[in-house]
Amino acid sequence: MRLVQLSRHSITFPSPEGALREPNGLLALGGDLSPARLLMAYQRGIFPWFSPGDPILWWSPDPRAILWPEEFHISRSMKRFHKSSPYRITLNHAFGRVIEGCAGDRDEGTWITESIVLAYHRLHELGHAHSVEVWLGNELVGGMYGVAQGALFCGESMFSRAENASKSALLVFCQEFAREGGKLMDCQVLNSHTASLGAVEIPRRDYLEHLEALRSQPLAGHFWVPRTLFLPAA
């Protein structure tokens with residue numbers, strides 16, 4: 001296995017099975033963040049992740065962290081909170097503000113560079129990247145964004161500025177996504193937060209098989225239309 005240098009003149013990727021074991025999943029570097037290349041990457045189970053100042057790095061880790069939407073874990077305290085939630089939750093109302101919130105709300109620094117923000121804005125404008133927003137009154141207090149692949153949604157990042165805001169975004173999205181035919185969420189790499197919400201690890205090969213089957217299963221045409229998903233308790 002060796003790291004592959006991508007060409008700016010071709011959007012093809014090497015097989016994910018050729019990714020390095022250490023660091024886990026590193027597959028290639030270089031290329032660009034054009035919509036065509038990003039979409040090709042997601043279709044093959046690959047995503048960009050790199051620090052400011054570094055070359056573009058492309059990853060496909062093994063194992064892969066995923067979440068079955070219907071198995072989202074709701075703690076007792078979260079059930080109580082959600083029952084009387086003060087939040088209004090919307091879909092595709094403020095993509096730019098969500099990705100900027102994800103980029104800015106990290107004390108340890110961010111991989112969501114200006115080039116990433118611009119690239120995913122383009123994907124959003126083309127109808128491939130989507131956001132969920134959490135509002136307290138008229139204030140944006142949390143949200144998440146990712147890339148749609150048919151009945152699979154590739155979650156990229158989330159942020160929270162108020163109690164349970166990002167959890168509320170994911171909970172409401174999972175419920176609506178499953179209700180309308182969504183089957184699987186890609187969480188990329190497992191961490192303690194996503195594990196507490198029900199995410200698990202599966203072999204990369206299994207993930208790629210799910211991706212191949214699900215990306216050709218479109219959701220109902222209205223699903224990604226900007227709308228309100230949840231209103232606060234009266």
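Visitor: In β2, which residue is the bridge partner of V4?

Guide: The bridge partner of V4 in β2 is A28. The model is predicted, so local features need pLDDT of at least 70 and side-chain atom pairs count only at pLDDT 80 or more, whereas totals for chains, interfaces and linings use all residues. Residues are numbered from 1 along each chain as its sequence is written, and side-chain values use heavy atoms, with hydrogens and water left out.

β1 pairs with strand β2 (residues 26-30) in the parallel sense over 3 bridges; strands are DSSP runs of E of at least two residues, numbered from the N terminus, and two of them pair if DSSP finds at least two bridges between them. Both belong to an open sheet of 4 strands with mixed pairing, in the order β1-β2-β4-β3. Because β1 (4-6) and β3 (47-48) stand at the edges with a single partner strand each, one side of each is left without a neighbour in the sheet.

An aromatic pair (ring centres of Phe, Tyr or the six-membered ring of Trp within 6.5 Å; planes under 30 degrees apart stacked, over 60 edge-to-face, the rest tilted) occurs 13 times by this rule. W49 and W59 form a tilted one, at 5.3 Å centre to centre and 55° between the planes. W49 lies in the loop between β3 and β4 (57-59) and W59 in strand β4, so the pair ties together parts 10 residues apart in sequence. W49 is partly exposed at 42% relative accessible area, while W59 is buried at 11% (buried is under 20%, exposed over 50%, partly exposed in between; 1.4 Å probe, protein chains only).
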